[in-house]
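Student: I'm new to this one and would like a close look at a single part. Could you take me through the salt bridges and then show me what sits around them?

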Amino acid sequence: MVVVYKLDRLSRSLLDFFTLQQFFEQYNVSFCSVTQPIDTSTSAGKMMLNILMTFAQYEREIIADRIRDKMAATRKQGKFAGGTLPYGYKSENKKMVIRQDEAEILKRIFQRYLEIQSPQADCYRIEQQRVTNKNRAGMEHFPYLSPTELLCLHRKGRVQRTDL
């Protein structure tokens, strides 16, 4: 038996919940909610379960929309919305500020890219130089720019040449 406090603690996705429910039925596992007594052996109980799970998914989507809107509003105010700072930036008073020492490295990276037009070759060269990422200061096991970060600099435009 699986016991949960509320059904939406088990899952807030209808698809995931019904997949779990099929899994439970396949292995003769029952589940119950401590705060929501629903008898799933009746058609009314199954309908109530579906309604509760539909509202749980709706609530999840509303929360995601609000967070997305809040982050967009924060960015419009010029503030850093969280997450890992892109290479070449630091956070001061909730705003992204250019690190001048890393800006010089980025200028060399972009200049080299314009010359050779190969992000992969640039990645290899930068990995050999062991360029450190100050935003990874607490990550002693890998404080260097990763190949993914380097390719992102070139392909995704997280750092634009005009920012430097």
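Tutor: R68 and D65 both sit in helix 3, three residues apart, which is about one turn of the helix. Helices here are DSSP runs of H or I with at least four residues, strands are E runs of at least two, and both are numbered from the N terminus. R68 makes a salt bridge with D65, and their closest N and O atoms are 2.9 Å apart. That term asks for a side-chain nitrogen of Lys or Arg within 4 Å of a carboxyl oxygen of Asp or Glu. D65 counts as partly exposed, at 36% relative accessibility; buried would be under 20% relative accessible area and exposed over 50%, with partly exposed in between (1.4 Å probe, protein chains only).

A word on the source: this is a predicted model, where local features need pLDDT of at least 70, side-chain atom pairs count only at pLDDT 80 or more, and totals for chains, interfaces and linings use all residues. Residues are numbered from 1 along each chain as its sequence is written, and side-chain values use heavy atoms, with hydrogens and water left out.

By the salt-bridge rule, the count comes to seven. Another one joins the side chains of E92 and K90, at 3.3 Å from N to O. E92 is partly exposed, with a relative accessible area of 39%, and K90 is partly exposed too, at 28%.

Now hop over to D8, in helix 1 (residues 7-10). The side chain of D8 meets that of R12 in a salt bridge of 3.6 Å, N to O. D8 is buried, with a relative accessible area of 13%. Leaving aside residues up to four places away in sequence, D8 touches A56 and E59, where contact means heavy atoms within 4.5 Å. Salt bridges also link D8, R9, R12 and E59 into a network.

Back to helix 3, residues 43-76: it packs with helix 2 (residues 14-26) at an angle of about 140°, with the axes 9 Å apart. Axes are lines fitted to C-alpha atoms, for helices over the stretch in contact, and angles run from 0 to 180 degrees between N-to-C directions. The two helices, helix 2 and helix 3, are therefore oblique to each other: under 35 degrees is roughly parallel, over 145 roughly antiparallel, 65 to 115 roughly perpendicular, and the rest oblique. Helix 2 brings L14, F17, F18 and Q21 to the contact, while helix 3 brings L49, N50, M53, T54 and Q57.
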